[in-house]
Amino acid sequence: MATKAYDKSFREEVYQNVDSGEDVKLCMQCGVCGITCPLRGEMTHGPRQLWALIRAGKRDEVMNSPDIMLCTSCYSCKVRCPRGVKVIDVMHGLAHYALEQGIVPRKETAKFGKVFWNSIYKTGRVDETEVPMRYTMMAGPVHGIFAMLEMMDIGRALLSHKRMKFKLGPGLPPSKKIKGIRGLKKMLDKAAAMSPGKEG
Amino acid sequence: MGQTILVVGGGMSGVSAALEAAEAGYDVVLVEKNPYLGGRVAQLHQYFPKLCPPYCGLEINFKRIKSNPRIKLYTMSEVTGIEGGPGSYKVTINQLPRYVNERCTVCGKCADAVETTIPNPFDYGLGTIKAAYLPHELAYPFRYVIDPSIVETEDGAKAKEACPYDAVVLDDAAKEVTEEAGAIVWAAGWTPYDASKVEYYNFNSSPDIITNVQMERLATAGGPTGGKIVKLSNGEAPKKVAFIQCAGSRDVNHLPFCSTVCCLASLKQATYVREQLPEAEVTIYFIDIRAMDRNEDFYTKVKADEKISFVKSKIGLIEPGENGVLVLEGENTTTGERFKAEHDMVVLATGMQPNTDLSKIPADMVYDEYGFVQAAEGIFGAGTVRRPGEVHVSVQDGTSAALKAIQVVAGR
């Protein structure tokens, strides 16, 4: 019988370069993670299948799977995993690794991540008005306005309960910075320099 | 007294150890927590793979115990203290009152007189029995027990009055006894893992979700339904039965190890269902089927039944749906598809938790990370406190422990 040799290089790559990547070895393929996930309806593969694909050397399928960026870190799968696999760490690790390789598995998440990060980096907080505005505007002002109009009811409710501040547009007026923003920036820069792939 | 061997636990391994030691010429003290011998084996409907009733083997063993004057039996007793070392132990035994003496003839008049009922521990809480009861129909010792809850009530007095043999002793009290022994065999057995701890199976949400040990009681003639496999919610026969393997086993959050018997137990129970209910469909959800050596033949046989299907998936959720239906969710790891399946009865294959994980031996002992007893000098673990296993393994293990114990006491 003809047997197919798996490409071992990708799994070694994951074990070495992805945060908690070696945990993939622990998986016994029971499938509890995929069924526990609140986003199971949206996921194409789910963690179990991704781990199987990693072991099978399917680099392109894994690195381009939107699932690795869909994970919302709710930790349900991690809590229930019978083998104690750090599922969330590996999912985020894979997303991070894909971005480093110049692959964007899910554009929306990557964009949102950027806006979210910029808000924290510049002001020290997540501005509830600024972040959605900038995110929706990224696909162009026309798209942005329509997207915001769709969200109008939620916005109004948030405004009336003082959960959000009114703004005319991104940066109008600019968000308030926290005290000691310089210290925070220093810390974030240091953490970024220490992230896997940058050092050691 | 240095030649006496004390055996803790009157289940399959304990009874085997006691008999082997006694028949080799050593005095044996056998201490059992329940009012009867036979342990969890006595509660089974059939053995796998031969599908024969466990009682025929147990009866032979009881007869050997009965006819052997070297065995001293304590029922309803627990060992609370061990002092000394190999060759000379002093063992403290705490015996609870049975309130019935050896004059009992099992006429059943006390049970007729009593009105109070209690959940039947022998049926894993599925049915109720009178508070004056015979633990089960073939119990050894063959003697009634009166539940402490009625002793000081009118019901207690009624039981005493009803007994024509003066066998009811209402002022019976707990006793503390000391026994001397040269070696100890610890065969305290196992407890089914608490299914309600696996919270995503919602064990308490429907009476139609039962455990594998409860299934044994449903299938057996002496059980709460007289041997009929029915849905406990409405008494009807189930049409689609699901077995869920590794319910709380092979799981770092529960029992991290494989209990080795649950696959075969579910295969066996699938035959109970198919034999009684020819229309019923059975699905076994599994991670791997672990049917080792000769048991693989049994797996092959069960697999040949076209109404028994196998799905490679650990079920991730059980939720009660409409009209009493139970909805199971899982990921079929062969096809990769996520599915929802409807069943009207679910059996959870819960694993074996060693009783030494739940309560330790009152002596300096070493346990592994799961609570199984490790080898020690003078005190020997036997059966499922040493490792999970099936009945014949427990018999072998009991014999092996008896031999080790004999080596400690021989020549003293």
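Predicted model: local features only at pLDDT ≥ 70, side-chain atom pairs only at ≥ 80, totals over all residues.
In chain B, of the contacts with a separation of 6 or more, 69% are between residues 24 or more positions apart, where two residues are in contact if their C-beta atoms, placed from the backbone, lie within 7 Å. Residues are numbered from 1 along each chain as its sequence is written, and chains are lettered from A and ligands numbered from 1 in the order in which they are written.

Let me stay with chain B for its overall form. Chain B has 10 helices and 22 strands, these being DSSP runs numbered from the N terminus, with helices (H or I) of at least four residues and strands (E) of at least two. The radius of gyration of chain B, taken over C-alpha atoms, is 22 Å, close to the 22 Å of the globule rule for 412 residues, so chain B is as compact as a globular protein of that length; the rule itself is 2.2 Å times the number of residues to the power 0.38. Along the principal axes, the C-alpha atoms of chain B fill a box of roughly 65 × 50 × 35 Å. Of the 412 residues in chain B, 47% are buried, a residue being buried if 20 or more other C-beta atoms lie within 10 Å of its own, exposed if 12 or fewer, and partly exposed in between, with C-beta atoms placed from the backbone.

Next, the domains of chain B. The assignment, which is automatic or from a database, gives domain 1 (5–96 + 174–191 + 353–409), domain 2 (109–162) and domain 3 (194–350). The centres of domain 1 and domain 2 of chain B, taken over C-alpha atoms, are separated by 26 Å, and the contact takes 10 residues from domain 1 and 8 residues from domain 2.

Which strands pair with E11 of chain B? Strand E1 (residues 5–8) runs parallel to E11(B) and is joined to it by 4 bridges, and strand E22 (residues 379–381) pairs with E11(B) in the parallel sense over 3 bridges; pairing here requires that DSSP find at least two bridges between the strands. B:Val185 is the bridge partner of B:Val7, and B:Val185 also has B:Phe380 as its bridge partner in E22(B). From E11(B), residues 183–186, B:Ala183 and B:Val185 point one way and B:Ile184 and B:Trp186 the other, and all are buried.

Turning to the nonpolar cores, I use the term for a set of buried Ala, Val, Leu, Ile, Met, Phe, Trp, Tyr and Cys residues joined through C-beta atoms within 7 Å. The largest has 72 residues, and those touching the most other members are A:Leu94, B:Ile244, B:Val346, B:Val347, B:Leu348 and B:Ala349. Helix H7 (residues 262–276) of chain B gives the most to this core, with 8 residues. Not counting residues up to four places away in sequence, B:Ile244 touches B:Tyr285, B:Ile315, B:Val346, B:Leu348 and B:Ala349. Apart from that core lies another, of 70 residues, among them B:Tyr74, B:Ala187, B:Val385 and B:Val395.

Some backbone details deserve a careful look. B:Cys246, in strand E14 (residues 240–247) of chain B, has a positive phi near 55° although it is a residue other than glycine. Is B:Cys246 buried or exposed? B:Cys246 is buried, because 28 other C-beta atoms lie within 10 Å. B:Arg250, in the loop between E14 and H7 of chain B, also has a positive phi, of about 50°, and with 22 C-beta neighbours inside 10 Å it counts as buried. A cis peptide bond joins B:Tyr140 and B:Pro141, with omega about -5°, and in chain A a cis peptide bond joins A:Leu172 and A:Pro173, with omega about -10°.

Finally, chain A and its interface. Chain A is divided into domain 1 (9–100) and domain 2 (107–176), whose centres, over C-alpha atoms, are separated by 30 Å. In the interface, 16 residues of chain A are in contact with 16 residues of chain B. Helix H2 (32–36) and helix H3 (46–55) of chain A each supply at least two residues of the side that touches chain B, and the largest share, 4 residues, comes from H2(A).
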